[in-house]
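User: I am new to this structure. Please take me through it by asking what each label rests on.

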Amino acid sequence: MNAFVDPELCIGCTQCAGLCPAVFRMEGVLAVAEPGPIPPEEVPQAVTAAQSCPVSAIRIEE
Ligand code: SF4
């Protein structure tokens, strides 16, 4: 699974980076997702972060 942040939607609230720092980090005022597959043990937190994003900017795909 891979995570993506839509920079057009992200409002830089930092929540995803707080919930799942292994996958999401702030780059300037916006969040970015680490490239490449999400480590299996991080998938639950990454999904939680995606579901918690207030503007639904995070996409997680197979
Ligand atoms: S939770 Fe959503 S809006 Fe907040 S920093 Fe992450 S991607 Fe951006």
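This is a predicted model: local features need pLDDT of at least 70, side-chain atom pairs count only at pLDDT 80 or more; totals for chains, interfaces and linings use all residues.

User: Where is Pro-39 placed, and why is Pro-39 called buried, exposed or partly exposed?

Analyst: Pro-39 is in the loop between E3 and H2. Helices (H or I, at least four residues) and strands (E, at least two) are DSSP runs, numbered from the N terminus. The relative accessible area of Pro-39 is 32%. Buried means under 20%, exposed over 50%, and partly exposed in between (1.4 Å probe, protein chains only). Pro-39 is therefore partly exposed.

User: Which label does Pro-35 get, and why?

Analyst: Pro-35 is also in the loop between E3 and H2. Its relative accessible area is 72%, so Pro-35 is exposed. Pro-35 and Thr-48 are 13 residues apart in sequence and 18 Å apart in space, C-alpha to C-alpha.

User: What makes Pro-21 buried or exposed?

Analyst: The value for Pro-21 is 56% relative accessibility, so Pro-21 counts as exposed. Pro-21 lies in the loop between H1 and strand E2 (24-27). From Pro-21 to Ala-33, twelve residues along the chain, the C-alpha atoms are 9.4 Å apart.

User: Why is Asp-6 given its accessibility label?

Analyst: Asp-6 has a relative accessible area of 28%, so the label is partly exposed. Asp-6 is found in the loop between E1 and H1. Asp-6 and Arg-59 are 53 residues apart along the chain, yet their C-alpha atoms are separated by 7.8 Å.

User: What is noted about the phi of Thr-14?

Analyst: Phi of Thr-14 is near 75°, a positive value in a residue other than glycine. Thr-14 is in the loop between E1 and helix H1 (15-19). At 41% relative accessibility, Thr-14 is partly exposed.

User: And what is the phi of Ser-56?

Analyst: Ser-56 is not a glycine, but its phi is positive, about 50°. Ser-56 lies in the loop between H2 and strand E4 (58-61). With 56% relative accessibility, Ser-56 counts as exposed.

User: Which residues come nearest to the ligand?

Analyst: There are 13 residues around the ligand; Cys-10, Cys-13, Thr-14, Cys-16 and Cys-53 come nearest. Near means that a heavy atom of the residue lies within 4 Å.

User: How many residues of the shell are nonpolar, polar or charged?

Analyst: The shell has ten nonpolar residues, three polar and no charged. Ala, Val, Leu, Ile, Met, Phe, Trp, Tyr, Cys and Pro count as nonpolar, Asp, Glu, Lys and Arg as charged, and the others, Gly among them, as polar.

User: What makes a group of residues a nonpolar core, and which have the most contacts inside the largest one?

Analyst: A nonpolar core is a set of buried Ala, Val, Leu, Ile, Met, Phe, Trp, Tyr and Cys residues joined through side-chain atoms within 4.5 Å. The largest has 17 residues, and Val-5, Val-23, Phe-24 and Ile-58 have the most contacts inside it. Strand E1 (2-5), strand E3 (30-33) and helix H2 (43-52) each supply at least two residues of this core. H2 gives the most, four residues.

User: Which residues is Val-23 in contact with, beyond its neighbours within four places in sequence?

Analyst: Val-23 is in contact (heavy atoms within 4.5 Å) with Ala-3, Val-32, Ala-33, Glu-34, Ile-38, Glu-42 and Ala-46.

Terms used:
Residues are numbered from 1 along each chain as its sequence is written. Side-chain values use heavy atoms; hydrogens and water are left out.
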